[in-house]
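Please read the following report alongside the sequence and the model.

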Amino acid sequence: MYAAVVATKLFVVGAANPQTGLHYQHPSGDTVWQHTGPNNIRAFGCAVHPGSQQRVLYIAAGNGLHKSSDGGATWKVTTGWNITEVLSVSPDPRDPLRVYIGTPYGVFRTTDGCATWKECSQGLGARFVSLVLASPLNDREVYCATEDGAYISKDGADTWTRMGLSVGGVRTIAQHPRNPQILAAGTEDHGIYMSTNGGRWWTRREAGVDHLTFYAVTFDPNAPDVMYAGGYVTGIYKSTDAGQSWKRMNKGLNVLTFHTLAVDPRNSQRVYAGAYWGGVYRSENGGGEWTPLGPPDSQVWTLFIHP
Amino acid sequence: MTVRSLIIAVLLFGGLAATRAQSHADYLKHYSERARHIRSAFDTSTAASYYAIAARYASNNNIPLADSLFRVALREPRGDMFWMFPVIGAYLHGKDKMSPETRAVVRNAWKTYAPYRGDTENHWAMYYTTLYLAAEQWPGLPGSEWFNGKSSQENLEEAREYLIHWIRITTTIGQGEFDSPDYFPEYAISMCLLSEFAQDPLMRKRGQMMMDYFLADFGVEHLNGQYLGGFSRIYQPAVFTPLLSGASGFAYLYFGTGTEAETSAGPLPETPKARPPGESPWSGWVLLPSLSNYRPPEIVYNIATDRTTPYLHKERKRVRNVIRFGTEKNPPVYKQTYVTPEYGIGSLQGGLLQPIQQHTWSVRFTSGRPYTTIFGLHPYWSSYELGMFFPEELKPLIADVVASKGTYNNPDKWTGGSPYERTFQNRNTLLVLYDIEPGTMTEHIDGFFPGNLNERLIDSSGWIFCKAGSTYIGWYPLQEGEWLEERETPGQAKNVIGRPENLSQKQPVRNWRFRSHKLQNGYVIEVRSEREIGSFQKFVSVLRTRIPKAILTPGKVSVDYTSLSKDRMKFAFPDSRILNGKAVDLSATKLFEGPFLNAEVGSEKLTMTYKGAKRVYDFRTVTVTE
């Protein structure tokens, strides 16, 4: 499992933040984090290129998109001065050379393994892109969460079309692991939305939900009717009926703001939650109880579990 | 040299330089003396400080010790671009003198320590300037030898490309982090290093030209070491004690001012005291420029110091990159400053132009150190403001910012812009209006008045009349308010938590705060000097009869005022400005316009003029003609 850590302690440029960057541990009960790659870079996102046997890793960071082609032994910033504050990264599951990144200045894409980058924001109403997601189910289908709604591209980010979710401040989008028509979105101030028709229509899910700002929504890869969500002082919500209703599962949590969630694809009971400040929490019983896992004092933006 | 003796020397030389007209030869001689004094505060230090190390190398003072200190300092690199520039500065001053072992330690640091590139314009100026210089120093290395995995050539090209892009933006639509008394050093140091150490003659030339550009930009709005007018960014201490800013150390070095003793001001208050070179991290930054071969052209010095004739200077800058809640990435900023021998009054148009540390308007004067300013603001904060400029999540952002800038959400803070504030300036008359939405943080406006003014009369006419030496300031509040004793805490001075509930009542009252709780609000400011209007009594009597007419209802806030100069100013919030019956079009403001600096928007040129001299900078051709 990989954790992208934006910052520790002081959130100020020039402060010593040596433990930021990419951390990892083996999800088989390991409790020790190891740091890989450059530190001090404000790591917002991380990913492993599917099919690379964890050789090709990415860190989306303030300094740009970092790439390792040797399992984290060496790294290179692949973007130049004109791409900055990379907030998310999503490699194309079908193409080892194609990667998408989301930034406050739009979506960028490489088709040559990060040698060159091209801005691909045509059709986006707002450039601020919180998250970009290449669909694992549909070829060349890409989603992005932006400041003025959720967008879909069916041509590999050449063009974008706004989906039916018209609220501002879409923070995250997740796709059902088996049914590409089912999408979930977390928003700023507008709660959790779900779509069952590929994003044309969306429904706000309010049953059991007492909060409005959600940064993370995820499906259990093995039991997709089980979902988790978290956001600004929300604690962690769980749904067992495909998002129809939600219940807070906060036992053991010392913090309530969460930015990222991940379910172990090998063990549905093992769930991880990345806190905005407070490191990673792990549950071994499907969210019934949470245990802090570190790294301490860290702002965890993205968790990624390699299957 | 001890810090105490250095202070005395600085005061002496500063005072001499500022009060005496001098030839360019004299200027250069005095410059060298000042630079030597700065250097002397560092080159005998045994601290493992990059500044001390650089000074030792430059002075050839115990090179083995400098080597040793350098290696110690590099054991734990930290500070991102604030690490990069002193390290490359120290290296460039000492590379031909240091031991091979020390050279190897320096080289290795650029391989193993990954600095964050930062998120502001000054960060990038430092990052890419120093990366450029480092890449030149170690050419031909593969990516495995650099912290970012890029080869020497890739780093060189990227840094060069960014610097040229940044110069182009700056000279076409203006800086985004403009006129910052506290961030001026970051640009000056970067360009100074580039102008001296770049191996590429064109880049070296660009460094020289940009250094001249920044010094002229500062110099034209400079008065006795103070930056004048409105600013993109300023820290709280320097907002009410102007000589505490980093720029003042550079005014001392380049203009011979900055720490001038004001004989008319009487004894200085016990605290805070001005920071001379060598006493603080800010002034430490002036060390590298003081070691440099760069010298400003005579015309820049003259523009910065000749205050024999009052003048109006206008300029256009740009808003920092807007990434949320806006359709335009870099909307324009309009600034104007009226400069006289005794005072300067300047303003930005208002609104949110920079996060956290904006200073929308001020009057600054030569008398009354250290509190040589009067200004006002709406102390506003919001996740909306931060979200406009920072990519992190909106709701936790305030807490994240407060962790390092503790005054941000302090209702008593003295810095920051507001979407509910607008200005209308006509030379030395300023109108400021507020139309604050109910429920906003906060529901009051504040005005800062120094406690050591010669006069602060609260007149029955409604005017507040102030006298600071030979500068007179009239402030007409459009709504009633209250006077609060302003206690200054060490916490506030250092930008850590200085919240009202933490204020010690044992702290002496140094200043005054005029607070008004009305949401539809404003004031009229008139400033004149003795030489402009005569006695203070005359200023009072003439102004007493000029009462602004205001409409102060929500959504309809306006003021109609005829100034001391008999100009009719009609101002309606937010942006209707009418002067003598004619609408004022701020969008017509050029990049620079005034008696000394002129540039068209988009031109990539700057023309400096002073008396019969003219100097034209063309950044497209990288040439300077006279």
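## The nonpolar core

Which residues touch the most other members of the largest nonpolar core? In this predicted model, in which local features need pLDDT of at least 70, side-chain atom pairs count only at pLDDT 80 or more, and totals for chains, interfaces and linings use all residues, the question concerns a core of 275 residues. Residues are numbered from 1 along each chain as its sequence is written, while chains are lettered from A and ligands numbered from 1 in the order in which they are written. The residues that touch the most other members are A:Ala43, A:Ala60 and B:Ala54. A nonpolar core is here a set of buried Ala, Val, Leu, Ile, Met, Phe, Trp, Tyr and Cys residues joined through C-beta atoms within 7 Å; a residue is buried if 20 or more other C-beta atoms lie within 10 Å of its own, exposed if 12 or fewer, and partly exposed in between, with C-beta atoms placed from the backbone.

In soluble globular proteins, nonpolar side chains tend to be buried together. This core draws at least three residues from each of domain 1 (3-263 + 271-303) and domain 2 (307-547) of chain B, the bounds coming from an automatic or database domain assignment.

## Helix α3 of chain B

Leaving aside residues up to four places away in sequence, B:Ala54 touches B:Pro86, B:Gly89, B:Ala90, B:His93, B:Leu287, B:Leu288 and B:Leu291, where two residues are in contact if their C-beta atoms, placed from the backbone, lie within 7 Å. B:Ala54 is one of the buried residues of α3(B), a helix (residues 50-59) that is mostly covered, with 9 of its 10 residues buried. The buried set also includes B:Tyr50, B:Tyr51, B:Arg56 and B:Tyr57. After α3(B) comes B:Asn60, which has a positive phi near 55 degrees.

Helices (H or I, at least four residues) and strands (E, at least two) are DSSP runs, numbered from the N terminus. Counted in this way, chain B has 20 helices and 26 strands, and 57% of its 626 residues count as buried.

## Contacts between domains and chains

Within chain B, 29 residues of domain 1 are in contact with 42 residues of domain 2. On the domain 1 side, the largest share, 4 residues, comes from helix α11 (residues 236-240) of chain B.

The contact between the chains takes 31 residues from chain B and 30 residues from chain A. On the chain B side, α7 (121-137), α8 (152-172) and α17 (394-402) each supply at least two residues, and the largest share, 4 residues, comes from α17(B).

## Strand pairing

Strands β17 (residues 549-553) and β18 (residues 556-562) of chain B pair in the antiparallel sense over 5 bridges; two strands pair if DSSP finds at least two bridges between them. B:Ile551 has B:Ser558 in β18(B) as its bridge partner. The hairpin has 2 residues between the strands, and B:Gly555 takes a positive phi near 80 degrees in it.

In chain A, 4 strands form an open antiparallel sheet in the order β24-β25-β26-β27. Because β24 (258-263) and β27 (291-294) of chain A stand at the edges with a single partner strand each, one side of each is left without a neighbour in the sheet. The partner of β27(A) is strand β26 (residues 280-283) of chain A, joined to β27(A) by 3 bridges in the antiparallel sense, and A:Arg282 has A:Thr291 as its bridge partner in β27(A).
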